[in-house]
Amino acid sequence: MDPAGEHLLAHSATNPDKPAVIMHGSGATRTYAEIAERSGRLARVLRDRGMRKGDHVAVLLENQPEFYDVVWAAMRVGAYVTPINWHLVAAEAGYIVRNCEATAFFASSQLADVVAAMSDDLAGVTTRISVDGTLDGFENLDDVIGGVSSGPGDDEAEGGWMFYSSGTTGQPKGILPPLTEGDLGAKSFLTMMLTGMFGFDADTVYLSPGAPLYHAAPAGWSYGTQRVGGTAVVMEKFEPLEVLAAIERHRVTHVQFVPTHMIRMLKLTDEERGRFDLSSLQVIVHAAAPCPVETKQRFIEWVGPIVHEFYSGSEGAGLTYVNSQDWLAHPGTVGKSMTGQIHIVGDDGEELPIGGEGEVWFSTNRSFEYYNEPEKTAQAWDKRGWSWMGDVGRIDDEGYLYLTDRATNMIISGGVNIYPREIEDVLIVHPLVDDVAVLGTPDPDMGEQVTAFVQVGPEVTVAADELIAWCRDRLSHFKCPKEVRFVDELPRLPTGKLLKRLLLR
């Protein structure tokens, strides 16, 4: 077997001692040769136990190097890999293992309490392996692969990811894309995006700045970096100054942020940001959540015109892209479509003219299904074959897309539609506000009222009236909060997505 260039095995043959992953906090490193050897042994074990292309592997691991041993082994068998959010309670994590029909489950001994409480949901899992210690009822990874040949098998195949939706509005759904066909190492949509849009290659040093590896971007992009022969630097957790230190220490060329990361770095002082040499940076990518216009403008002023943005969803049915130059000429845009035509659809289901605001639908040749959910899969597409990711927006006469908000976030007050994002973008740039979420709360006369949930720093005091006045100076008064509730911390996922249900309990 001679894998094509975009595969672990090709790089382990040509550059075996090159670091494939470096854990920034601990300094633990896996070379290409080490991951190839360990994943090869494990892949043989999985095949010997009956795993075949298209089967499912569930992974409950923290940000640790063993993640890549397991992922590459599963990929070499041709399996689907499902990383599980380690912040979930046992019932939630167990639901995903059971729902994805995993026949192999890998866990960290650091998550022993969650794993122990999942026992009933593991009934269908025939292979249970702890990657880093002892777990009751689990084999140890090193024991399992000890003495097994590390050479490639004759039936190695391309696997894929099956991530689950976050489940913020119901039970999470497994998002099942088709597996890549062709020879091992054939170009995938992921590597075409990384190389074609963002310039990833064998010289890339990609920083995953503390986002958990159970999320699609840090998992997929660090894995994609290894597919093209670069080095992935993975932080165990996000901390603004430590991110800058990591860029300097590892000479990072590419990094991906969510807007929350950008906001927190901009709240550092000029002196703090100026301590670090960031000259190695070639590309900064941000996605996953809307970025306030003023925040992005300030960020580009700081780092230069190397900031790129894309908009997509876990389902991948649509993709837009914009670089710094085009964004500065069209502030607030998330770019032009890269995979199909954008359609803005009104309440009657008909397409709106340019400038009209409505649901954002994509027509594309990319496909997906929700695993074992045919009805929900059917609901993701309309009769024209267009797919909707739940957002509302508009396009201009040059084809640039502007997002207004998530449709499910819209507040209807006295019959008027109000989009929280516009208000959040105003409040987040207040110098004393660390984080904010705007929601509709019940109002006996208006149906809903605008309520701002605000997080400020320790020992910081700001009056609700001051924040309301700040909004009224910048927005139409009907959009401004009627109430401000101060919270210690907003319940957000690491992607920036708000767990709205926790605020409204």
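Predicted model: local features only at pLDDT ≥ 70, side-chain atom pairs only at ≥ 80, totals over all residues.
Local features need pLDDT of at least 70 and side-chain atom pairs count only at pLDDT 80 or more, while totals for chains, interfaces and linings use all residues. Residues are numbered from 1 along each chain as its sequence is written, and side-chain values use heavy atoms, with hydrogens and water left out.

**View 1. Overall fold of the protein.** The protein has 17 helices and 26 strands. These are DSSP runs, numbered from the N terminus (helices: H or I, at least four residues; strands: E, at least two). The radius of gyration is 23 Å, close to the 23 Å that the globule rule gives for 505 residues, so the protein is as compact as a globular protein of that length. The radius is taken over C-alpha atoms, and the rule is 2.2 Å times the number of residues to the power 0.38. Along the principal axes, the C-alpha trace spans about 70 × 55 × 45 Å.

Of the 505 residues, 58% count as buried (under 20% relative accessible area; exposed is over 50%, partly exposed in between; 1.4 Å probe, protein chains only). Take the contacts (heavy atoms within 4.5 Å) between residues at least 6 apart in sequence: 67% join residues at least 24 apart. The accessible surface comes to about 21400 Å², with 48% belonging to carbon and sulfur atoms. Areas come from the Shrake-Rupley method with a 1.4 Å probe; for residues, only the protein chains shown count as cover.

**View 2. His 343 and its neighbours.** His 343 sits in strand β17 (residues 340-345). Its relative accessibility is 4%, so His 343 counts as buried. The His 343 side chain makes a polar contact with the side chain of Trp 386 (3.5 Å). Such a contact is a pair of N or O atoms within 3.5 Å; within protein, one must be able to donate a hydrogen and the other to accept it, and residues adjacent in sequence count only if both atoms are side-chain atoms. Leaving aside residues up to four places away in sequence, His 343 touches Glu 351, Glu 359, Val 360, Trp 361, Phe 362, Ser 363 and Trp 386.

**View 3. Arg 251, a residue with positive phi.** Arg 251 is not a glycine, yet its phi is about 55°. It lies in the loop between α9 (240-250) and β12 (254-257). With a relative accessible area of 37%, Arg 251 is partly exposed.

**View 4. Glu 459, a residue with positive phi.** Glu 459 has a phi of about 65° although it is not a glycine. The loop between β25 (447-456) and α16 (464-472) holds Glu 459. Glu 459 counts as exposed, at 84% relative accessibility.
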